[in-house]
Amino acid sequence: MKVLVVDDQSVILDMVIEILRRYYEDFTFLRATNGREACKVASAELPTIIIMDWEMPEMTGIEALQRIKKNATTSKIHVIISSSFSSSSNVSMALENGAIDYIRKPIDEIELVARVRSVLMLHTAIEHLNTAKDIAEKG
């Protein structure tokens with residue numbers, strides 16, 4: 001499973017990867033430092049999950065999220081937005097633009113792992129439903 005972590009602050013990027021690596025040793029972690037790079041990596045690598053900062057140079061996380069969701073190749077990737085914005089309107093904006101979840105900064109390890117675990121459970125359920133649908137259509 002591939003996870004793309006996107007943040008313009010390398011300390012946060014490293015911290016998120018280090019936390020998740022402790023829980024998910026078999027994952028492949030990819031990095032990007034801005035929204036534009038995130039879109040390129042997402043198209044090339046097709047990660048299962050993207051954990052992306054909202055506030056970045058060149059292209060914000062929300063702008064990148066919109067691009068990822070509009071692209072047929074990347075639209076099914078699960079995106080978790082992270083931000084120091086704490087108002088419910090920001091959370092709502094992220095979810096309305098296609099994010100599957102939202103994590104407030106500073107990122108808490110327990111919350112991060114719980115949200116990733118939740119997305120993975122949803123991803124597995126969707127895969128099972130798609131497999132059942134394919135079998136039903138063929139049979």
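This is a predicted model: local features need pLDDT of at least 70, side-chain atom pairs count only at pLDDT 80 or more; totals for chains, interfaces and linings use all residues.
Student: Which residues of α2 are buried?

Tutor: The helix covers residues 35–45, and Gly35, Ala38, Cys39, Val41 and Ala42 are buried in it.

Student: And the ends of α2? What does the side chain of Asn34 do at the start?

Tutor: One of its side-chain oxygens comes to within 3.0 Å of the backbone nitrogen of Arg36. At the other end, Leu46 follows α2, and its phi is positive, near 50 degrees.

Student: Let's move to α1. Is Val11 buried or exposed?

Tutor: Val11 sits in helix α1. Exposed means over 50% relative accessible area. Val11 counts as exposed because its relative accessibility is 65%.

Student: Now the empty spaces. How do I find where empty space is left?

Tutor: The general idea is to roll a probe the size of a water molecule over the atoms, which shows where space is left empty. In this model, searching the whole structure turns up one cavity of 30 Å³ or more. The largest cavity holds about 30 Å³ of space.

Student: Which elements give two or more residues to the lining of that largest cavity?

Tutor: They are β1 (2–6), α1 (10–23) and β3 (49–53). Strand β3 supplies the largest share, three residues.

Student: How many of the lining residues are nonpolar, polar and charged?

Tutor: For the largest cavity, seven are nonpolar, one is polar and two are charged.

Student: What about pockets? How much space lies in the largest pocket?

Tutor: About 180 Å³. Its lining is made of Lys76, His78, His123, Ile126, Glu127 and Asn130.

Student: Which helix gives the most to the lining of the largest pocket?

Tutor: That's α5, residues 109–138, with four residues. Sorted by class, the pocket lining has one nonpolar residue, three polar ones and two charged ones.

Definitions and conventions: Residues are numbered from 1 along each chain as its sequence is written. Side-chain values use heavy atoms; hydrogens and water are left out. On a 1 Å grid over the protein atoms alone, a cavity is a set of points where a 1.4 Å probe fits but cannot get out, and a pocket is an open set with protein on both sides within 12 Å along at least five of seven lines; lining residues have an atom within 4 Å of a point. Grid points are joined across faces, edges and corners, and a volume is the space filled by probe spheres set on the points. Ala, Val, Leu, Ile, Met, Phe, Trp, Tyr, Cys and Pro count as nonpolar, Asp, Glu, Lys and Arg as charged, and the others, Gly among them, as polar. Buried means under 20% relative accessible area, exposed over 50%, partly exposed in between (1.4 Å probe, protein chains only). A polar contact is a pair of N or O atoms within 3.5 Å; within protein, one must be able to donate a hydrogen and the other to accept it, and residues adjacent in sequence count only if both atoms are side-chain atoms.
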